[in-house]
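Here is a short briefing to read alongside the model. Have the sequence and the 3D view open, and we can go through it together.

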Amino acid sequence: MTAPAMHGGLRLAGNKKRSTQSALRIAAAPSQVVLPLDQHAGTAATPLVQVGERVLRGQPIAQPQGEISAWLHASIAGHVSAIELRPTPHRQQPAPCIVIDSDGSEESAAHEPVDVDRLDAVALCEHIAAGGMVGLGGAVFPTAPKLLLGRQADEVHLILNGAECEPWISCDDMLMRERAADILRGASILCRALSAARCSLVIEDDKPEAILAMQAAQSAAHPNIHVPNIDVRVVPTIYPAGGENQLVTTVTGLEVPSGGLPSDIGAICHNVGTAAAVARWIDHGEPLIRRIVTVTGSGVAEASNIEVVLGTSIADVIAQCGGYSGRVARLLMGGSMMGRALASDALPVVKASNCLVVALPTDLQPRGTEMPCIRCGNCSEACPAMLLPQQLHWFARAQDLPALDLHGLLDCIECGCCDHVCPSQIPLTQQFRDAKPALTAHRSAQAAATLARTRFEARDARLARLESERQAKLAERRKSVG
Amino acid sequence: MPWAQEALERPCTLVALDKIRFILWGRAQHDGQLTSMSPQFPTAAAPHVIAPNSVRRVMGLVLCTLVPAIVMHVIFFGAGILVQLLLGIATALAAEAFALRLRHRPLGAFLSDGSAIITGVLIAMCLPPLAPWWLIASGSAFAILLAKHLYGGIGMNPFNPAMVGYAVLLVSFPVQLTQWLPPPLADLQILRPSFSDSLYTIFMGHLPAHLTWDAITSPTPLNSLRTSLAMGHTMQEAQSGPLFGVLGGRGWEWINLALLIGGIWLLALRIIRWHIPVAMLAAMAIPAAILHVLDPGSYAGPLFHLTSGASMLGAFFIATDPVSAATSNRGKLIYGAGIGAITFVIRTWGGYPDGVAFAVLLMNAAVPLIDRYTIPRIYGHAR
Ligand code: SF4
Ligand code: SF4
């Protein structure tokens, strides 16, 4: 099935073969894990355990705070050795973490498998929340709140994201190849939680094995798996086809409204990894305590996909993949377009760690000297959000907030396409990322001012009305007296 | 870091070490290399892979695509253009270096970006091949110093520098700018001036003894058309002279075809987009076609317009200068169409034989307005 073309985007070298040559590996259990309390989008969780306490594998150790938050579970059995600020791969500043030292046992907390058919949809969503589920594509938005949001739409279309458009990353590819049935099972659970009417799976056409595996799994589905009728959409390999907005538009032909969510137009996107994790939680009682990480780049000896216990140190993971080979130019978490460069490998694997790229200088194409913008238009041609990055660049330098708003700065998805094609080597994405907070503040200040003005005007009008009523009454009285 | 090495080797190591650590730490933090730990790996902001592209590459490719037209120029009008090109490039670079020095900008990166060279080349391609040296020199210098650096240098100029330079020359020295060589015409026994003759003429300001201006110069076809029509001749009579070829002006038609090929090459390289050239050429050809059909006796046909004067140079190499053009695709269509229409009007009814330069400058002035009203619809915003 063909899909409507996305605006802009780039055909990039995928570099995925390096990590898909070998089968999925399982990492050895670590002796210590570091579990940040804020490894999901939204509010950080609050600890339920104290230093010194013994915890079992899979035991909840922190509970969600507020609406957008997630449970956190011990990923190994052992003793809590510290609850303190530690450097993490996903934040600039050190974040509160629970540190668990293994006691060597494999003891797991008991979570009963759940019979999905016995639960109503909302209870199912709550149960999914209890598994600590978050989006595993990298954005780590808590799964349950997303499901509940989706339920508010009239007719829901579940879109499973297996596009995996970023260079280097192949964990979803590998998951689809090796655990297609889990994904289908997860899809059926998510469909039920959403009361979804339709379900699509989007895969880029550079993953023929994954496409075949998913199709085969669908036709060979186990009788007790309620497989919804998933339509598998093969899309051209154009970065960022897997961006949430781009995905929704590809599948539904509709655009996610500016400032809105896909659920506003009845679409909900979940990563294939999330679906598989949900299936594991529902059917086997295993909360989100491990994930598949792509370890790749020319600077690692045995590039592969490896299933890692959350909280394992990155250095440990890389060592299990044969260690460093060569002088590392950059260590990335995520792909080469949107990934974060890590200053150290003494950091834990978190729920967002989809990929570790150990880049040698040959893997990178660093920026040259920055030149002034020559307005060549490459950036606006590549921008999937249909923005004019050259204008945004100009207005961001001038700090012209109204113009930035008019040109849609807040609609920028920070995909990096504009940077990639800029002949002047301008760090546009970084500039836009930095400019956003000021514009958000400006917007809310403006909204507050508008509110104050309407209030003031309403008060004025009310006073004027009272005054005129008083005058009228006075006149009335005078008349009656006269 | 030699200075650090040196400091380490000195006896008062303790103090020096602390100082160095302090400096390095401060630097690293300033460069955003540190979060809370000492960096084990260098970091940078995403994206981490940038396409191997540069302003120098873009400008270099533009120069390459001009080569076929320059070859045609030499074939039809002699080697004068080569001298003009060298003079244009040299003056433009000198002016650029001077301006950069005044503005305390790094010479290396900006001088080598190729933009000044393009300005010099474009002006040279607009001037008569035997025009005196001071014409191209003052035009290029004016373009670089006033039209480019007064506004802040590359990327900041609202007007196309080459066209500002050319327009100033056209207004100040109309006579010198219309002394074109005719193509070598066997029937008229005119020969191409040799390279040494050209060099002599350009620098001495007069012809070598064995040549006379009358023997080697003629008006441009556009110019001759205008004069001829003004004298009451019909279009057919006006175009029957030896200056006219199959499509447009003799020689000129070939140069324009070479420019068209260069332009298509630029399109294929994705350095320019189709919007401006197509809109400009269409806006020139459509009114020409209509008027030509209505009154073939007084109006030249669309092919003549497309293959004469600076049509192709303007459409593919001048109007497409991204710095001074409109931004969005819709804006580019309006901008290009405006240039085409104004050029046609100036050629047909105005006071100058060719109008590309003035049309470009006028539309440059309109760019902020065009940009303001042609912001494209953003993803997720109402149509
Ligand atoms: S790609 Fe770079 S140089 Fe070209 S218009 Fe965009 S910001 Fe300017
Ligand atoms: S980073 Fe923003 S402006 Fe640049 S291409 Fe992506 S969405 Fe467009």
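B:Asp371 and A:Arg375 are both buried (under 20% relative accessible area; exposed is over 50% and partly exposed in between, with a 1.4 Å probe and protein chains only). This is a predicted model, in which local features need pLDDT of at least 70 and side-chain atom pairs count only at pLDDT 80 or more, while totals for chains, interfaces and linings use all residues. Residues are numbered from 1 along each chain as its sequence is written, chains are lettered from A and ligands numbered from 1 in the order in which they are written, and side-chain values use heavy atoms, leaving out hydrogens and water.

- The side chains of B:Asp371 and A:Arg375 form a salt bridge at 3.5 Å, N to O (a side-chain nitrogen of Lys or Arg within 4 Å of a carboxyl oxygen of Asp or Glu).
- This pair crosses between chains, from helix H19 of chain B to the loop between strand E17 (355–359) and helix H10 (378–382) of chain A; helices (H or I, at least four residues) and strands (E, at least two) are DSSP runs, numbered from the N terminus.
- B:Asp371 has a relative accessibility of 11%, and its C-alpha atom is separated by 6.2 Å from that of B:Thr327, 44 residues apart along the chain.

**Other salt bridges**

- Over all chains, the count comes to 28 salt bridges.
- A:Arg443 pairs with A:Asp405, with the closest N and O atoms 2.8 Å apart.
- A:Arg443 lies in helix H14 of chain A and A:Asp405 in helix H12 (residues 401–406), so their pair ties together parts 38 residues apart in sequence.
- Within helix H14 of chain A, A:Glu467 and A:Arg470 are 3 residues apart, or about one helical turn, and their closest N and O atoms are 3.3 Å apart in a salt bridge.
- A:Glu467 is partly exposed at 35%, and A:Arg470 is partly exposed at 45%.
- A network of salt bridges links A:Arg179, A:Arg280, A:Glu286, A:Arg290 and A:Glu307.

**Ligand surroundings**

- The residues around ligand 1 include A:Arg375, A:Cys373, A:Cys376, A:Cys379 and A:Cys422 (one heavy atom within 4 Å).
- Ligand 2 is surrounded by 14 residues, and the closest are A:Cys383, A:Cys412, A:Ile413, A:Cys415 and A:Cys418.
- Helix H13 (417–421) and helix H14 (428–481) of chain A each give two or more residues to the shell around ligand 2.

**Domains**

- Chain A is assigned domain 1 (16–290), domain 2 (292–359) and domain 3 (370–482), with bounds from an automatic or database domain assignment.
- The centres of domain 2 and domain 3 of chain A, taken over C-alpha atoms, are 40 Å apart.
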